[in-house]
Amino acid sequence: MAVLLSKIPILRSLKFRIFIIMFLIGSIPGIILRYGILSNYESRVVNVRTSEAQTQLRILANHLITYDYLGTPDSAVVNAELAQFSSFYDGRVLVIDDKLRVIKDTYEMATGKTVVSEDVVKCLRYGSNGISSRYRKKEGFIEMVIPIVETASLESGDYLGPRDTAEEHVRGVILGSISTDSIMATIENLGRRASLMQIVVVLVVFAIAILASGGLLRPFDKLTRAIADVQAGYTSRPVTANDYLETEHIVDAFNQVLGRMRALDESRQEFVSNVSHELKTPMTSMKVLADSLLQQGDGVPPEMYREFLQDINNELDRENRMIQELLSLARMDRRKVTMNVKAVNINELVEILLKRMRPLAQPRDIELVLVSEREVTAEIDEVKMTMVFSNLIENAVKYNKEHGRVTVTIDSDHKNLIVTVEDTGPGIPAESVGRIFERFYRVDKSRSREIGGTGLGLSIAKSAVLLHKGTIEVKSEEGTGTVFTVTVPLNYIPVQS
Ligand code: ADP
């Protein structure tokens with residue numbers, strides 16, 4: 001049911017709901033009050049009317065005894081009183097004797113007939129205790145029975161019991177009915193006035209509910225407009241809507257998202273401009289090399305051609321390498337990266353990598369040392385972790401001094417594989433340590449370029465380690481060397497995307 005209701009668009013509107021709640025709260029009490037008061041008034045008036053008429057009928061009953069009306073029903077005084085009662089109350093009176101026979105009917109319709117009504121019989125039997133009245137709302141009258149009682153005084157000297165002060169002798173019953181038309185007319189009149197007032201109240205409540213629901217939700221409309229403006233690009237200022245705590249919270253959250261998006265956008269732009277710049281640099285050198293060869297004319301010695309072509313070839317290699325690395329980064333940045341995880345013997349893997357690095361290390365007499373604290377097998381994506389280790393080892397060789405040393409240590413605790421790559425190079429200045437994992441960041445741009453660096457190696461390494469839910473840390477002391485520590489869980493933990 002609730003699900004069904006929530007499908008109707010207007011019911012999902014907070015404004016509409018506030019309006020309905022206010023409207024109901026404003027108008028329901030009026031309706032309840034109206035019916036409560038009117039029905040209470042009705043029962044009170046009916047009660048007053050009934051007891052008034054009963055008093056009158058009791059007096060009449062006494063007169064009936066006084067004039068022995070039940071014996072000879074022709075007393076002009078009593079008849080006049082009966083007629084007066086009937087006309088005053090717009091009703092009817094039946095005088096019934098103890099044989100249930102109608103002695104007098106002010107309508108003259110039932111005289112001589114027998115009445116078998118439960119109330120009459122009860123009243124005959126129980127006397128004063130059988131007095132009763134009935135409000136017949138639908139028919140529009142109140143019916144009541146009053147006993148015609150003869151009270152015989154006790155003989156003097158008789159024993160008076162605690163209750164028998166007098167003896168009652170029920171001689172008959174008066175059955176009276178009085179019209180409630182006048183009461184109903186008053187109530188209808190009151191009801192009409194109440195309805196009119198109610199309509200006014202409902203209209204006023206309606207207007208207040210519309211104004212209030214609109215007013216209460218105005219800050220939300222304002223907020224929606226402000227967000228729409230940002231989305232349309234009219235403004236890039238942070239949104240403000242501090243009317244309510246709630247809107248303030250929404251705005252804070254929105255501005256944070258906006259801030260993050262802006263930061264992302266900026267870093268994307270910076271990345272694009274860096275990529276263009278980096279890719280352009282080798283192009284420019286190649287262009288300069290080619291131009292200068294062309295300008296030489298015909299008499300260029302072949303050695304010069306060879307030298308220049310070698311330079312151009314180097315630049316092409318760099319360009320190629322940069323594109324390869326950018327592609328690896330792009331692949332790892334994607335939301336859904338395929339991880340080919342399997343158990344890999346890390347000691348063997350690193351040994352092969354060190355062997356591959358030898359040609360780079362030997363010319364500068366750099367010693368490559370592997371310290372295997374223990375045999376470690378870890379669940380990793382071999383290709384990605386190879387990129388991590390080879391980048392770190394290659395850096396350790398590249399940014400090392402002659403006759404230096406690179407030490408790779410393989411260890412593990414009960415949960416993680418721990419690999420450290422330590423070098424004896426110049427180290428990284430303290431102010432740069434925090435930035436070396438950024439894309440294209442290089443401490444010494446020209447030196448890095450000289451040795452074929454692109455500034456992407458460490459960011460690739462970091463992305464790959466993060467895909468394994470691991471960490472990569474660096475400690476460096478200028479003039480002494482640098483230590484990179486890679487920690488990766490032995491059992492692969494999938495990254496939720
Ligand atoms: P690059 O291709 O320039 O080597 P990296 O992302 O691998 O790019 O490294 C970023 C920068 O960090 C390097 O340019 C270098 O300045 C510095 N760096 C990296 N490794 C070391 C190291 N072992 N010793 C000193 N500096 C290093």
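In which helix does Ser328 lie? Ser328 is part of helix α7, helices being DSSP runs of H or I of at least four residues, numbered from the N terminus. The structure is a predicted model, in which local features need pLDDT of at least 70 and side-chain atom pairs count only at pLDDT 80 or more, while totals for chains, interfaces and linings use all residues. Residues are numbered from 1 along each chain as its sequence is written, and side-chain values use heavy atoms, with hydrogens and water left out.

Ser328 counts as buried because its relative accessibility is 11%, the cut-off for buried being under 20% relative accessible area with a 1.4 Å probe and protein chains only. Apart from neighbours within four places in sequence, Ser328 contacts Met387 and Ile460, where contact means heavy atoms within 4.5 Å.

Helix α7 packs against helix α12 (residues 457–467) at an angle of about 25 degrees, and the two axes are 10 Å apart. α7 is therefore roughly parallel to α12, a term for angles under 35 degrees; axes are lines fitted to C-alpha atoms over the stretch in contact, and angles run from 0 to 180 degrees between N-to-C directions. On the α7 side the residues involved include Glu325, Ser328 and Leu329, and those they meet in α12 include Ile460 and Ser463.

Helix α6 (residues 245–295) has 51 residues and spans 73 Å from first to last C-alpha, close to the expected 75 Å, which is 1.5 Å times one less than the number of residues. Among the buried residues of α6 are Val251, Leu258 and Met286; their cover includes α5 (181–232), α7 (302–333) and α11 (445–450). Just after α6, Gly297 adopts a positive phi of about 75 degrees.

Notes. Helices (H or I, at least four residues) and strands (E, at least two) are DSSP runs, numbered from the N terminus. Buried means under 20% relative accessible area, exposed over 50%, partly exposed in between (1.4 Å probe, protein chains only). Angles under 35 degrees count as roughly parallel, over 145 as roughly antiparallel, 65 to 115 as roughly perpendicular and the rest as oblique.
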